[in-house]
Amino acid sequence: MAKQTAITNEIRTLRFHAREMTQAELARRVGVTRQTIIAIEQGKYSPSLEVAFKIARVFAVPLEAVFQYPEISVE
C-alpha cells in the first residue's frame, strides 16, 4: 500500500471546472501517463516540480492553487 504524501491538491476540482477534463486529457497535455495523474490526485505520489508547474499552467492558475503543503511549526 502506497504511503500518502503530505502534499494535497485540487486537481480533481480543477478538472471538473475545466469542462470536466478527463485524467487522460490532463496527462496528455502535461506529458505523463494517466496512472501518474491518478496517483497525484489520490495523494499517493508527489509530482516533480516541473510536472507541478505544467499542471498549473494547463489550468492557468498559480502553483499554490493546485498544490498545498501544510505549514510546519518550527519552535
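I began with Thr 22, which I found in the loop between α1 and α2, where helices (H or I, at least four residues) and strands (E, at least two) are DSSP runs numbered from the N terminus. I was working on a predicted model, in which local features need pLDDT of at least 70, side-chain atom pairs count only at pLDDT 80 or more, and totals for chains, interfaces and linings use all residues. I noted too that residues are numbered from 1 along each chain as its sequence is written, and that side-chain values use heavy atoms, with hydrogens and water left out.

I looked up the accessibility of Thr 22 and found this residue partly exposed, with a relative accessible area of 43%; buried means under 20%, exposed over 50% and partly exposed in between, with a 1.4 Å probe and protein chains only. From Thr 22 to Ala 39 I read 14 Å in space, C-alpha to C-alpha, for a separation of 17 residues in sequence.

I then turned to helix α2, residues 23–30, and listed Gln 23, Leu 26, Ala 27 and Val 30 as buried. Seen down the axis of α2, these buried residues fall within an arc of 100°, so they line one face of the helix; the arc is that of the directions from the helix axis to the C-beta atoms. I recalled that an α-helix has 3.6 residues a turn, so residues three or four places apart point the same way. As for partners, I saw the buried residues of α2 pack against α1 (11–17), α3 (34–41) and α4 (49–59), a contact being heavy atoms within 4.5 Å. Just after α2, I noted that Gly 31 takes a positive phi of about 90°.

For the chain as a whole, I recorded five helices and two strands, in the pattern β-α-α-α-α-α-β along the sequence. The radius of gyration is 12 Å, close to the 11 Å that the globule rule gives for 75 residues, so the chain is as compact as a globular protein of that length; the radius is taken over C-alpha atoms, and the rule is 2.2 Å times the number of residues to the power 0.38. I also noted that buried residues make up 31% of the 75 residues, and that among contacts between residues at least 6 apart in sequence, 60% join residues at least 24 apart.

Last, I looked at Val 74, which lies in the segment after β2 (67–68) and counts as exposed at 77% relative accessibility.
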